[in-house]
Structure formats: structure tokens, C-alpha cells
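Subject: Handing over the structure, with notes

Dear colleague,

Here is the structure I promised to pass on to you.

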Amino acid sequence: MNDTKSARRYARAIIETAADTLAVRDELTAVSAALKANPTLLAALSSPGVPVANKKAIFSAIFQGLSAPLPRLFDMLIDASRVDLVHELVHRYRDEWNARNNVHAARVTTALALDGDAEARIRKALEVAVSGTVEMETSIDASLVGGLKVEVDGYMFDGSVKARLKALRQHLL
């Protein structure tokens, strides 16, 4: 079984058994971020040279107070030597949670930084367009010249000046 299928199965099992799925989502994201920020910790938890009991002790000492069923999940991942699956698992859990709660992930890229009002207007327009809640991540790319690019649930909408100039160039040639 490949990692994506395994991660999807773990994610579905967690979402089915968790009492507070939002708290679990946030905690999983925090654990994943901590492991990304500290690759040495991930290496130690994934290493076959470190005894399983030590891995569990390290994990439980660092990540105290996790909501059920996360402590049991990480015990299972450590036992199965699948801790490296955590980043994919977080991605799959977030996708599953978003689908069940009508939440759409959006990535907005602009040429200049957005102020709070502009960000709120874009979020509102996206929420109307998708008929749901939008979790929006913003970034800046000066090469866009102006306008914005929006990616929502894997669909890209490019309203940047750069894209318009490229289309005009193709039309004229």
C-alpha cells in the first residue's frame, strides 16, 4: 500500500473517532510543523536504531496533552515505523475535514501586500463563489506586476497582469 492510501486511511479513522475534530486538526498541524522545524526529531522518531519505547517516551514528553485519538495514533505510527507518514497524514486529514465541513483552502498570490480590508473583501468574494467557508493563505509575487492569482481546491484563477500580457502576446503572435 502506498503512503497516500495509508495516510488517507489513518486520516479517516482519526476523523471518525475524534470527539473534537477541529482541535485534532489543529494539533496534527502543530505536530507536523514541529517535526518539519526539527528534522533531527523526525529522524530520531523514524530511526530503526532508536528503541520503540524510547521513541514513545520522546514523543509523549514533547507533545503532551494531545486530544484523543492522537496519542494512540502516534503510538501506532511509531510501532509500525511509519512516523515519516505524518506530513501526508496531516494533508489528508485537512482535506477530509475541509470536505466534511464545507471549508475550502484558497491560496491568493498578489503583486503587493494586501491590507486587512482588501483581504476581507477577497475572502468574502471567494466564500460567495464556493458557497462555503474559505481558509485563505496569502503570498506576494512581484513578478505578477498587478492583479492576483487565486487557487481554490486545486483550481487556478489567474487574474494577474502578467497572465493578461502573456495572453495578449499569444493573441498578437
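In which helix does S32 lie? S32 lies in helix α2, residues 21–37, where helices (H or I, at least four residues) and strands (E, at least two) are DSSP runs, numbered from the N terminus. Before going further, please keep in mind that this is a predicted model, in which local features need pLDDT of at least 70 and side-chain atom pairs count only at pLDDT 80 or more, while totals for chains, interfaces and linings use all residues. Residues are numbered from 1 along each chain as its sequence is written, and side-chain values use heavy atoms, with hydrogens and water left out.

Is S32 buried or exposed? S32 is buried, with a relative accessible area of 6%; buried means under 20%, exposed over 50%, and partly exposed in between, with a 1.4 Å probe and protein chains only. Leaving aside its neighbours within four places in sequence, S32 is in contact (heavy atoms within 4.5 Å) with H87 and V90. S32 and L89 are 57 residues apart in sequence, and their C-alpha atoms are 9.2 Å apart in space.

Next come the strands. Strand β1, residues 103–110, has six of its eight residues buried, so it is largely enclosed by the rest of the structure. Two strands count as paired if DSSP finds at least two bridges between them, and β1 pairs with strand β2, residues 133–140, in the parallel sense over eight bridges. Within this pairing, A106 has M136 in β2 as its bridge partner, and T110 has I140. With strand β3, residues 148–152, β1 pairs in the antiparallel sense over five bridges, and there T109 stands opposite K149.

β1, helix α7 (residues 116–130) and β2 also make a right-handed β-α-β unit, where right-handed means that, with the strands pointing away from the viewer, the path from the first strand over the helix to the second runs clockwise.

Some points in the backbone of the loops also deserve a look. A cis peptide bond, with omega of about 10 degrees, joins A68 and P69, and P69 is placed in the loop between α4 (52–62) and α5 (70–79). S81, in the loop between α5 and α6 (86–100), has a phi near 55 degrees, a positive value in a residue other than glycine. V145, which is found in the loop between β2 and β3, likewise is not a glycine and has a positive phi of about 70 degrees; V145 is exposed, with a relative accessible area of 57%.

Finally, there is the surface. L165, in helix α8 (residues 161–172), is partly exposed, with a relative accessible area of 46%. Together with L168 and L172, L165 forms a nonpolar patch on the surface, with about 310 Å² of accessible area in total. Patches are made of residues with over 30% relative accessible area and no salt bridge, like charges being joined within 9 Å and nonpolar side chains (Val, Leu, Ile, Met, Phe, Trp, Tyr) within 5 Å. A salt bridge is a side-chain nitrogen of Lys or Arg within 4 Å of a carboxyl oxygen of Asp or Glu, and accessible areas come from the Shrake-Rupley method with a 1.4 Å probe, only the protein chains shown counting as cover for residues.

With best wishes
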